[in-house]
Amino acid sequence: SVSVLEFVIGFGLAIIVGIGLGVLAGWFRTIEYILDPFVWFLYSAPLIAFYPLFVVWLGLGKPTVIAISFLLSVTPILVNTLTGIKNVSPELVRAAISFGARKHDLFLKVALPASVPMVMAGLRLGIGRALTGVIIAELFGSTDGLGHSIAYYAGLLKTANMMTSLIVVVCIGVFFTQGLAWLESRFDSWRT
């Protein structure tokens with residue numbers, strides 16, 4: 001339950017920030033130019049190497065695990081959302097304008113629905129990265145959670161217990177990925 005809570009908080013924050021900033025950056029070119037260096041720094045930097053800094057700033061435990069999970073998962077969500085908004089078919093935009101669509105109509109009725117597949121792809125990538133962030137952060141400096149139990153049982157050479165924790169991690173990943181697939185099918189009907 002500790003790992004799931006940390007995952008849900010970190011990934012939830014990544015969804016809010018990633019989709020929000022991705023939509024703004026995709027719709028407004030100035031915001032894209034402002035965010036671009038920061039996004040590519042997060043995308044290309046080995047963020048797990050900053051783990052000691054997070055421990056100094058936030059201490060061991062939940063805040064550090066949530067921060068690592070958030071940072072690992074926010075970038076693919078933001079980049080895919082930005083790409084989805086920017087790459088709306090020009091034919092769709094011209095058709096909407098020819099039928100009298102205003103700027104907010106283009107955004108709500110054309111850009112957002114057309115970007116759903118890219119946003120969902122970013123969320124799928126983000127799930128794996130968020131879960132990886134939780135487990136890695138718990139491996140290094142947590143006193144509870146699945147990552148801690150994996151490290152603890154590995155240190156005691158209790159392979160069966162360690163494998164049980166690994167299987168639970170895989171099940172959590174599959175559960176959230178399948179939930180996202182179900183959510184995508186619901187939004188896909190909205191898009192069409």
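Helices here are DSSP runs of H or I with at least four residues, and strands are runs of E with at least two, both numbered from the N terminus. Lysine 109, for instance, lies in helix 6. The model is a predicted one, so a few ground rules apply: local features need pLDDT of at least 70, side-chain atom pairs count only at pLDDT 80 or more, and totals for chains, interfaces and linings use all residues. Residues are numbered from 1 along each chain as its sequence is written, and side-chain values use heavy atoms, with hydrogens and water left out.

Starting with the overall picture, the protein has eight helices and zero strands, which reads along the sequence as α-α-α-α-α-α-α-α. Its C-alpha atoms fill a box of roughly 70 × 35 × 20 Å, taken along the principal axes. Of the 192 residues, 41% are buried, where buried means under 20% relative accessible area, exposed means over 50%, and partly exposed is in between (1.4 Å probe, protein chains only).

Next comes the interior. A nonpolar core is a set of buried Ala, Val, Leu, Ile, Met, Phe, Trp, Tyr and Cys residues joined through side-chain atoms within 4.5 Å. The largest one holds 31 residues, and the members touching the most others are Phe7, Phe11, Ile68, Leu123, Ile135 and Val169. At least two residues of this core come from each of helix 1 (2-27), helix 3 (51-58), helix 4 (62-86), helix 6 (103-141), helix 7 (146-155) and helix 8 (159-191). Helix 6 gives the largest share, ten residues. Apart from this core lies another, of eight residues, including Ile85, Val88, Ala96 and Phe107. As for phenylalanine 11, leaving aside residues up to four places away in sequence, its contacts are Ser69, Ser73, Ile77, Leu123, Gly126, Ile127 and Ala130.

The expected span of a helix is 1.5 Å times one less than its number of residues. For the 26 residues of helix 1 that should give 38 Å, and the end C-alpha atoms are 37 Å apart, which agrees. The buried residues of helix 1 are Val2, Ser3, Glu6, Phe7, Gly10, Phe11, Ala14, Gly18, Gly22, Val23, Ala25 and Gly26. Isoleucine 16, also in helix 1, counts as exposed because its relative accessibility is 62%. The C-alpha atoms of isoleucine 16 and leucine 78 are separated by 9.6 Å, though the two are 62 residues apart along the chain.

Helix 2 (residues 29-44) has 16 residues and reaches 22 Å from its first C-alpha to its last, close to the 22 Å expected. Even so, helix 2 bends by about 45 degrees at leucine 35, with proline 37 following within four residues; the bend is the angle between axes fitted to the seven residues ending at a position and the seven starting there. Glu32, Leu35 and Val39 are buried in helix 2, and their cover includes helix 1 and helix 4. Glutamate 32 counts as buried because its relative accessibility is 11%. Beyond residues up to four places away in sequence, glutamate 32 touches Ala25, Leu82 and Lys86.

What is the angle at which helix 2 and helix 4 pack? The angle is about 145 degrees, with the axes 10 Å apart; axes are lines fitted to C-alpha atoms, for helices over the stretch in contact, and angles run from 0 to 180 degrees between N-to-C directions. From the helix 2 side, Arg29, Glu32, Val39, Trp40, Leu42 and Tyr43 meet Leu71, Val74, Thr75, Leu78, Val79, Leu82 and Lys86 in helix 4.

Leucine 157, in the loop between helix 7 and helix 8, has phi near 60 degrees, a positive value in a residue other than glycine. Leucine 157 is exposed, with a relative accessible area of 73%. In helix 7, alanine 154 counts as partly exposed because its relative accessibility is 33%.

Methods. Contact = heavy atoms within 4.5 Å.
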